[in-house]
Amino acid sequence: MRWIKIDEQQHNVPVFRNVWYALKLVWKADKKLLLGYLMQQTCRNIFSLFIQNILFLKVLLEIINGNHDFRVYVKYLFLFFALSAVVKILHWRGERLEQFATKNVLKVLNNMVFEKANSIDVACYEDPVFYDKYQRATLVLTNSFFDLICYSAASIFGGLISFICVVATVSVINPIYILFLLPVLFVFAIEMAKSRQVYNRDLKMTTNNRIKAYIQRTVFLRDFSKDMRTSNIFAVLMKRFEAAIAANVKILRQYGMILFVYSMVSSLFSDFIPIICTYAYAGYEFVVKNTMTISGFSVVLSAITSVRTSTMDIAESFDDMTQMALYFQNLREFFEYEPKVVSGSIKAGGFESLEFKNVSFRYPGADKNSLNNISFKINKGETVAVVGVNGAGKSTLVKLMLRFYDATDGEVLYNGVNVKAYDLDSLRNVFATVFQDYKNFAISVFENVMCRECSDDDKLRARQALIKSGVWNKISTLADGGDTVLTREFDENGAGLSGGENQKVSTARLFAKNFDIALLDEPSSALDPVAEYKMYENLIEVTKDKTVIYISHRLSSAVLSDRILVLGEGRIIEAGTHKALMSSNGEYSKMFALQASGYKGEEAEKNV
């Protein structure tokens, strides 16, 4: 089972920098969240740990000792109740601010993450290291870490204020007691070291947790249900699931003892030493030296409890905040990531030509090139088919045309200008695309086709596109026709379509778009030969006087093309018209003959 490698950068995460970054981020999203928590925690700590446990107790004991009369006690009692009412009101107001601000901050940060995710390179989604960081970054939102870090920061602030007040009161009684509280300062360093160990533990568990989440999700997906029930794949997945759990258990055991030691040492400095020393010396002053009054003795004992409580609150909050800061490191890196595919400034005009000039490309981390010294040019109005077996490099060409990646060597030219010079959105909008890994979304059929909220005119246009793609007959039978939502994930009246029907809906986007150049990457991979032929007939009609690029390992599209490029192992091994390539008896001719015999076999079976 693969574990994430923890590099030096992850070991040396700047905690305070990330805390400051997190608080600034939340403050920018909605400052009321931090203010709400500050009001709650400061009021609670000062009132309960100082005013109630120290000041009021001191006044009460002095009255008992005869230092004040009952009227003074009543006066302080009313003052205490008045302060209590004010604190309750401020606490309630802080809760209201925090409750409403939490939802607003979540919305703002989610929008920021969505916008950033939409702007990063496609390559990032194919990089498991980056994807693991991205997953840990989203934990800030899914686990409400932004809320917890504000709570922790407010708790530390409130705890420090009450700590200072209590220590100042104790120092008036006898400054020596301050010495007994010094060990608590070591608690913060201990808790910081402990937090790093917890983070490193969770970091190592990330990939295992992702494997578990994938298997848990896959078991419930319709797309995998048939394979699960007709093969032994469920047992394979369960073995991976159990291995991920076992790996996590091993990690937990690895860190269990060291975290226990940290907890014990932290308790020694926060509880044992301060309490034992204070109780011992206070008893000595009260019993042996007779230098301490009953009120002073009681206040000191109460004060050490308050100090212990505030110290533990500060330490725990500091521990939580340190852990949250480590996760905010991933969010900060995600937001600060600069795409390697950088948009240019030139707006892409009408299509005239697309040229690959000595282009080679290697995927990040790959051992060899996927494309090697590719050169060709497509002119306006041409229909070109790029064919080859799976793995020949066809889809990589698509990624370079659309600038999902940039060429490792050589140039890709649009209208004679390097594609890097163009504005990314304007360049990509020139193309009408249909991908082999087509995806439809849990929105209406019409919205899937138009890729926007639809007006009545949009719906008419989408309907015509669905007719041309060959799926309208099916869509028209659905409960709400083209307004039917695809999948039942958000709508119990939603519809599920077959693979071929889903691909036809995806292909309808091309028919609905006004485009200069059509880029079709395996547009008929889920269609039978008859549906494929009808779809291509409609494509020929809608792409008259347009430029069309077919990317396919099925050669039915090649027959319709003006020119064919045959790819093999990342190189162009043949090029020419269908007739010329068939005459040459090369690789294309062999592929075509093999596929044609397959189609004949299918027709023979149908006629039996």
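Which residues in α16 meet which residues in α18?

## Contact between α16 and α18

In this predicted model, R461, A465, L466, K468 and S469 are the α16 residues that meet α18. Their counterparts in α18 are K504, V505, A508, F511 and A512. Sorted by class, the contact of α16 with α18 has 6 nonpolar, 3 charged and 1 polar residues.

## Geometry of the helix pair

Helix α16 covers residues 456–469, and helix α18 covers residues 499–512. The two pack at an angle of about 120°, and their axes are 8 Å apart. Because of this angle, α16 is oblique to α18. The crossing of α16 and α18 is right-handed.

## The sheet

The model also contains an open sheet of 6 strands with mixed pairing. The strand order is β6-β7-β8-β3-β9-β10. At the edges are β6 (431–434) and β10 (571–576), each of which pairs on one side only. On average, neighbouring strands of this sheet are turned by 15° against each other, direction ignored.

One of the pairings joins β9 (residues 563–568) to β10 in the antiparallel sense, over 5 bridges. I564 has G576 in β10 as its bridge partner.

## A helix across the sheet

Which strands does helix α13 lie across? Helix α13, made of residues 394–401, lies across β3 (383–387), β6, β7 (517–521), β8 (547–552) and β9. Relative to β8, α13 runs at about 140°.

Conventions: Residues numbered from 1 in each chain as written. Predicted model: local features only at pLDDT ≥ 70, side-chain atom pairs only at ≥ 80, totals over all residues. Heavy atoms only, no water. Axes fitted to C-alpha atoms, helices over the stretch in contact; angles between N-to-C directions. Helix = DSSP H or I, 4+ residues; strand = E, 2+ residues; numbered from the N terminus. Parallel < 35°, antiparallel > 145°, perpendicular 65-115°, else oblique. Left-handed = near helix turned anticlockwise from the far one by under 90°. Contact = heavy atoms within 4.5 Å. Nonpolar A, V, L, I, M, F, W, Y, C, P; charged D, E, K, R; others polar. Pairing = 2+ DSSP bridges.
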